[in-house]
Amino acid sequence: MENVLITGTTSGIGKTFAEKFVSMGNNIILVSRDRQKLEQQQLYLQKKYHVAVNFIAYDLSKEDAVDLIMEQICNWNIPINFLVNNAGFNECGLFTKTDISKEIKKLSQRFSIRKPLGIILILHN
Ligand SMILES: NC(=O)c1ccc[n+]([C@@H]2O[C@H](COP(=O)([O-])OP(=O)(O)OC[C@H]3O[C@@H](n4cnc5c(N)ncnc54)[C@H](OP(=O)(O)O)[C@@H]3O)[C@@H](O)[C@H]2O)c1
């Protein structure tokens with residue numbers, strides 16, 4: 001049994017990853033923004049698969065997101081074995097025609113979470 005941290009779990013690929021990991025008997029920590037969806041997902045996964053499901057409702061594009069996640073995981077004292085850093089969104093279309101503010105937000109979200117979440121893995125392994 002491993003402890004898995006997955007970002008972006010309330011829909012799409014991350015949601016599928018989350019169910020796959022718990023169906024294999026792993027405990028999971030879910031990270032997304034929508035608290036209500038996370039609560040529903042937690043109840044559903046715990047009831048169906050009888051594993052430990054924790055969640056952190058937070059916007060990963062915020063400056064302090066990584067600190068907050070690290071602090072919460074340290075408080076829970078859960079050693080993380082796997083990270084699926086999936087949260088994000090796509091802006092489709094020609095680069096010259098897409099919304100530059102969305103492109104910048106996308107980049108800041110990706111760059112701000114990748115490196116520090118790697119630190120979580122180092123700290124807890
Ligand atoms: N689907 C594709 O064809 C495709 C192709 C290439 C790459 N990708 C990448 O794969 C990843 C998942 O794609 P998807 O299609 O499954 O996306 P999706 O259905 O839109 O799901 C995105 C997930 O990330 C969460 N999320 C988004 N922004 C967040 C933020 N700022 N902080 C915390 N959580 C956030 C969303 O939940 P909340 O709204 O509750 O926060 C949701 O659970 C993305 O990074 C995307 O860029 C997807």
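## Elements and overall organisation

Helices (H or I, at least four residues) and strands (E, at least two) are DSSP runs that are numbered from the N terminus. On this basis His50 is placed in the loop between α2 and β3. The model described here is predicted.

The protein contains 4 helices and 4 strands, and along the sequence they follow the pattern β-α-β-α-β-α-β-α. Of its 125 residues, 25% count as buried. Among contacts between residues at least 6 apart in sequence, 65% join residues at least 24 apart.

In soluble globular proteins, nonpolar side chains tend to be buried together. In this model the largest nonpolar core has 21 residues, and those with the most contacts inside it are Ile6, Ala18, Ile28, Ile29, Leu30 and Val31. The elements that give two or more residues to this core are the strands β1 (3-7), β2 (27-32) and β3 (53-57), together with the helices α1, α2 (35-49) and α3 (65-76).

Two residues illustrate the contacts made in this part of the protein. Leaving aside residues up to four places away in sequence, Ile29 touches Leu5, Asn54, Phe55, Ile56, Ile73 and Ile78. Phe55 lies in strand β3 and is buried because 21 other C-beta atoms are found within 10 Å, where 20 or more are required. Phe55 and Ile73 are separated by 18 residues in sequence and by 9.9 Å in space, C-alpha to C-alpha.

## Helix α2 and its two sides

Helix α2 has 15 residues, and the distance from its first C-alpha to its last is 21 Å, close to the 21 Å expected at 1.5 Å a residue. Leu38, Gln41 and Leu45 are buried in this helix. Seen down the axis of α2, the buried residues fall within an arc of 65°, so they line one face of the helix. An α-helix has 3.6 residues a turn, so residues three or four places apart point the same way.

The buried residues of α2 pack against α1, β2 and β3. On the other side of α2, the exposed residues are Gln36, Gln40, Leu43 and Lys47.

Most residues other than glycine have a negative phi. His50, which comes just after α2, takes a positive phi of about 55°. His50 counts as exposed because it has 10 C-beta neighbours inside 10 Å, and the limit for an exposed residue is 12 or fewer.

Asn77 also has a positive phi, near 55°, and is a residue other than glycine. Asn77 is located in the loop between α3 and β4 (82-85). Asn77 is exposed because 7 other C-beta atoms lie within 10 Å.

## Surroundings of the ligand

The ligand is surrounded by 20 residues, of which the closest are Gly8, Gly12, Arg33, Asp34 and Gly88. Helix α1 (residues 12-23) provides the largest share of this shell, with 3 residues. By residue class, the shell comprises 4 nonpolar, 12 polar and 4 charged residues.

Definitions and conventions
Residues numbered from 1 in each chain as written. Predicted model: local features only at pLDDT ≥ 70, side-chain atom pairs only at ≥ 80, totals over all residues. Near = placed C-beta within 6 Å. Nonpolar A, V, L, I, M, F, W, Y, C, P; charged D, E, K, R; others polar. Core = buried A, V, L, I, M, F, W, Y, C linked by C-beta atoms within 7 Å. Contact = placed C-beta atoms within 7 Å. Expected span 1.5 Å × (residues − 1). Arc of directions from axis to C-beta.
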